[in-house]
Amino acid sequence: MTQTRTATLLTVLAALLSVLLAPAPAAAASLQEVTGFGDNPGALRMYRYVPDGLPAGRPVVVALHGCTQNAAGYASGTGWTTLADRWGFSVVLPQQQSGNNLSQCFNWFQPADIRRGQGEAASVARMVDRQLADVAGDASRVYVTGLSAGGAMTAVMAATYPEKFAAAGVVAGLPYGCAQAAGSPYVCMYVGATQTPGQWGDRVRAARPGHTGPWPALTVLHGTDDHTVRPANMTDLVEQWTDVHGADATADVSDTVAGHPHRVFRGPDRDAVVETYGLTGMGHGQPVDPGTGGEQCGTAGAYFLDVGLCAAYRLGKTWGLG
């Protein structure tokens with residue numbers, strides 16, 4: 001009996017010692033601000049998240065927050081930093097300043113900020129260049145996404161700098177040139193603009209004269225009960241980008257993902273060029289699916305809406321990040 005107790009005690013002590021002597025886990029990476037990243041005509045701030053030990057040649061995701069938000073809140077709320085650690089890529093998070101827009105919205109409706117080589121669009125492009133240089137990232141695997149005003153600015157970046165982005169993900173956003181087409185950003189948001197697919201496509205083509213492709217593939221996620229940016233804008237995005245890709249606006253795949261309608265539009269070479277998720281019953285915000293499951297990510301909160309589908313995960317899978 002005594003020998004058994006002694007053996008048990010020695011086993012417990014050995015286990016305790018192994019815990020005490022084990023090396024402490026490495027500290028998780030944190031969001032860092034980058035200053036002096038290059039020409040900054042849009043007067044934006046640059047933040048980034050780089051997982052510890054990230055090797056060279058990995059993808060880069062640019063994530064643009066919505067109005068009233070900031071880089072840090074969008075990084076954690078969406079789940080992008082969690083996925084960066086899991087799958088091995090870095091994240092660039094531009095941040096708006098109140099001096100540019102009192103509501104912290106990216107100025108997707110201002111002509112001076114949505115043209116190549118000017119304003120906020122040029123600032124985000126410089127951030128991409130700096131990030132690729134600093135982390136030796138894969139320039140052929142750069143992606144851009146954003147929510148609301150950040151979603152509209154995502155369309156701006158895909159239109160004005162198509163050579164920099166392999167694909168784009170617009171969440172509750174608007175097509176490129178929508179404010180100009182509608183005559184007002186509010187008409188664009190609450191009603192939509194009246195344009196033919198060809199007219200929508202021409203706005204993108206005019207943003208990057210002489211560019212013959214390839215153009216970024218597009219994924220759109222939008223709530224069916226969004227009263228801030230009407231779902232008509234998702235339809236307009238489909239018309240705009242299927243036209244740019246030389247595809248028609250009839251879905252080649254119609255199914256459901258996590259209970260939500262999902263459609264895929266294929267181009268002339270049969271590659272998926274536009275993809276949509278209509279989030280049934282969701283209002284204005286970023287779809288998230290909090291939890292520890294393999295397909296879950298994000299944290300519920302203001303404009304981060306738990307609908308059983310995480311936008312960041314779906315975008316990452318479409319883009320081949322994980």
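Contact means that heavy atoms lie within 4.5 Å of each other, and axes are lines fitted to C-alpha atoms, for helices over the stretch in contact, with angles running from 0 to 180 degrees between N-to-C directions. The model is predicted, with local features requiring pLDDT of at least 70 and side-chain atom pairs pLDDT 80 or more, while totals for chains, interfaces and linings use all residues. Residues are numbered from 1 along each chain as its sequence is written, and side-chain values use heavy atoms, without hydrogens and water.

**View 1. Helices lying across the strands.** Helix α9 (residues 232–244) lies across β6 (167–171), β7 (217–223), β9 and β10, and runs at about 175° to β10. Helix α3 (residues 80–87) lies across β2 (45–49), β3 (60–64), β4 (90–95) and β5 (142–147), at about 45° to β2. Helices (H or I, at least four residues) and strands (E, at least two) are DSSP runs numbered from the N terminus.

View 2. Ten strands, in the order β1-β2-β4-β3-β5-β6-β7-β10-β9-β8, form an open sheet with mixed pairing, where two strands pair if DSSP finds at least two bridges between them. Because β1 (32–34) and β8 (253–257) stand at the edges with a single partner strand each, one side of each has no neighbour in the sheet. Neighbouring strands of this sheet are turned by 20° against each other on average, direction ignored.

**View 3. The pairing of β9 with β10.** Strands β9 (residues 260–266) and β10 (residues 272–279) pair in the antiparallel sense over five bridges. The bridge partner of R266 in β10 is A272.
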